[in-house]
Amino acid sequence: MRVLNVTLSFVIAVLFFTSCKKSNTSPKSVSTTITAAYYFKGTLNGHALTWQAALDGSPGYYTGSSSNTSLYQGINTGGLTALLSAATGLTPQLGVEFRTFRADLSQDVPAYFNSFVNIGAWVYAASSSFTAGTKAIAIYYTDATGKQYSSIGAQAVSSANVLAITPVPAQLGIHESLKIKLTFSCTLYPTDGTGSNLSLTSAEATVMLEDLLH
């Protein structure tokens, strides 16, 4: 049984929400100086972007997580995606998916979750299939019009790089999570098969990945 879970949370000084998107006409960067704990910056088709999670409820971006997992006989298998979404309309959005989790719910799931994402190179997922026992990353993007893109496909660069991981305890209805800093460059393919590919280069992000495996 395939189950899609999405969590949304809003906190006065820390905010969180979900997904992945962007348009051929890039949103204008509000600031090039990173002041937020969670952010994304990079160059999309030649347009420099800086997205930052607002800390005071002002227009900006929200962080969050989503899951795409299958639960069978107590084993939860699939991917978890960290998301950065525009506060207005939730697009554009960026998603960073880590896969393939295979969590035995009868065991210590938080410990497994914390140990799964590790510092170092993560190869780009070659297909949409989840293969237990393998580790891969996928980048998702949705533009302001709702058109979706994915890194799944041929890539000139073989991997993304996770630079730092910080465990974050559960709080105010939000699951325990990992604060993950990473760099990446990739080609983004339209998921509906129409239109041009997008080139995302020199990207850096710090995202929140919630433990949605329980």
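What follows is a short exchange on how terms are applied to this predicted model.

Reader: What makes glycine 133 count as exposed?
Author: Its relative accessibility is 77%. The cut-off for exposed is over 50%. So glycine 133 counts as exposed. The residue sits in the loop between S9 and strand S10 (136-142).

Reader: What separates the C-alpha atoms of glycine 133 and threonine 100?
Author: A distance of 6.7 Å. Along the chain, the two residues are 33 residues apart.

Reader: Why are the buried residues of H1 said to line one face of the helix?
Author: The buried residues of helix H1 (residues 109-116) are Val109, Phe113 and Phe116. Seen down the axis of H1, they fall within an arc of 70°, so they line one face.

Reader: Which strands do those buried residues pack against?
Author: Strand S7 (75-86), strand S8 (93-104), strand S9 (120-123), strand S13 (177-190) and S14.

Reader: What joins S4 to S14?
Author: Five bridges, with the strands running antiparallel. The pairing cut-off is at least two bridges. Lysine 41 has glutamate 204 in S14 as its bridge partner.

Reader: Which residues of the largest nonpolar core touch the most other members?
Author: Phe40, Phe98 and Phe184, out of 44 residues. Strand S14 (residues 198-210) gives the largest share of this core, seven residues. Leaving aside neighbours within four places in sequence, the contacts of phenylalanine 184 include Phe40, Leu94, Tyr124, Ile139 and Leu200.

Reader: How confident is the predictor, and where is the pLDDT below 50?
Author: The average pLDDT is 84, and 83% of the residues score at least 70. Over residues 1-31 the pLDDT is below 50. Beyond near neighbours in sequence, that stretch has 124 contacts in the model. Where pLDDT is low, predicted coordinates should not be read in detail.

How values were computed: Residues are numbered from 1 along each chain as its sequence is written. This is a predicted model: local features need pLDDT of at least 70, side-chain atom pairs count only at pLDDT 80 or more; totals for chains, interfaces and linings use all residues. Side-chain values use heavy atoms; hydrogens and water are left out. A nonpolar core is a set of buried Ala, Val, Leu, Ile, Met, Phe, Trp, Tyr and Cys residues joined through side-chain atoms within 4.5 Å. Buried means under 20% relative accessible area, exposed over 50%, partly exposed in between (1.4 Å probe, protein chains only). Helices (H or I, at least four residues) and strands (E, at least two) are DSSP runs, numbered from the N terminus. Contact means heavy atoms within 4.5 Å. The arc is that of the directions from the helix axis to the C-beta atoms. pLDDT is the predictor's confidence in each residue, from 0 to 100.
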